[in-house]
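Visitor: I am new to this structure and would like to learn how to read it feature by feature. Could you show it to me, so that we can go through it together?

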Amino acid sequence: MSEGSDLQFVVIARIPKNGVGFFQIYEDRVLPLLKDHGGKLERRMRNDDGTVELHIVSFRTQAGFDAYAQDFRRTSQASMLEKSGAQIEVLSMTDAGWP
């Protein structure tokens, strides 16, 4: 996991079975943009049929996160995300430490 004061997010995507292919195309197009804004995909997990996906993403700054969210290359893919039917939840998280 990233160190220090990085912003950390958990992204949970719930995708209808018939939208999994569209969602994967969307991700292939937008996840590479993270690094352009100081972001990093720390962990990516999905269930067996691809209908639930979880990402742990970090950004060095809030400005980087905001720039990624507003990046035209990302927002121009909104139709692909819409076609997937995915329901996305983004949670801002902090490290709770380990016992």
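Visitor: What is the order of the strands in the open sheet, and is their pairing parallel or antiparallel?

Guide: A word on the source comes before the reply: this is a predicted model, in which local features need pLDDT of at least 70 and side-chain atom pairs count only at pLDDT 80 or more, while totals for chains, interfaces and linings use all residues. Residues are numbered from 1 along each chain as its sequence is written, and side-chain values use heavy atoms, with hydrogens and water left out. Helices (H or I, at least four residues) and strands (E, at least two) are DSSP runs, numbered from the N terminus, and two strands pair if DSSP finds at least two bridges between them. Here the open sheet has 4 strands in the order E2-E3-E1-E4, and the pairing is antiparallel.

Visitor: Which are the edge strands?

Guide: An edge strand pairs on one side only, and in this sheet that applies to strand E2 (39-46) and strand E4 (87-93). Neighbouring strands are turned by 20° against each other on average, direction ignored, where the axes are lines fitted to C-alpha atoms, for helices over the stretch in contact, and angles run from 0 to 180 degrees between N-to-C directions.

Visitor: What can be said of the hairpin of E2 and E3?

Guide: E2 and E3 pair in the antiparallel sense over 7 bridges, and the hairpin has 5 residues between its strands, with Gly 50 taking a positive phi near 80°. Arg 46 stands opposite Glu 53 in E3, while Arg 43 has Ile 56 of E3 as its bridge partner.

Visitor: Why is E3 described as largely enclosed by the rest of the structure?

Guide: The idea rests on burial, where buried means under 20% relative accessible area, exposed over 50%, and partly exposed in between (1.4 Å probe, protein chains only). Because 6 of the 8 residues of E3 are buried, this strand is largely enclosed by the rest of the structure, and E1 is likewise largely enclosed, since 6 of its 8 residues are buried.

Visitor: Is His 55 buried or exposed?

Guide: His 55, which is found in strand E3 (residues 52-59), counts as buried because its relative accessibility is 6%. Its side chain makes a polar contact with the side chain of Glu 27 at 2.8 Å; such a contact is a pair of N or O atoms within 3.5 Å, where within protein one must be able to donate a hydrogen and the other to accept it, and residues adjacent in sequence count only if both atoms are side-chain atoms.

Visitor: Where do the buried residues of H1 fall, seen down its axis?

Guide: An α-helix has 3.6 residues a turn, so residues three or four places apart point the same way. In helix H1 (residues 20-30), the buried residues are Val 20, Phe 23, Tyr 26, Glu 27 and Val 30. These fall within an arc of 120° (taken from the directions from the helix axis to the C-beta atoms), so they line one face of the helix.

Visitor: Which residues does Tyr 26 contact beyond its neighbours within four places in sequence?

Guide: Contact means heavy atoms within 4.5 Å, and Tyr 26 is in contact with Arg 74, Gln 77, Met 80 and Leu 81 when those neighbours are left aside. Gln 77 is found in the loop between helix H3 (72-75) and helix H4 (78-84), and is buried, with a relative accessible area of 15%.
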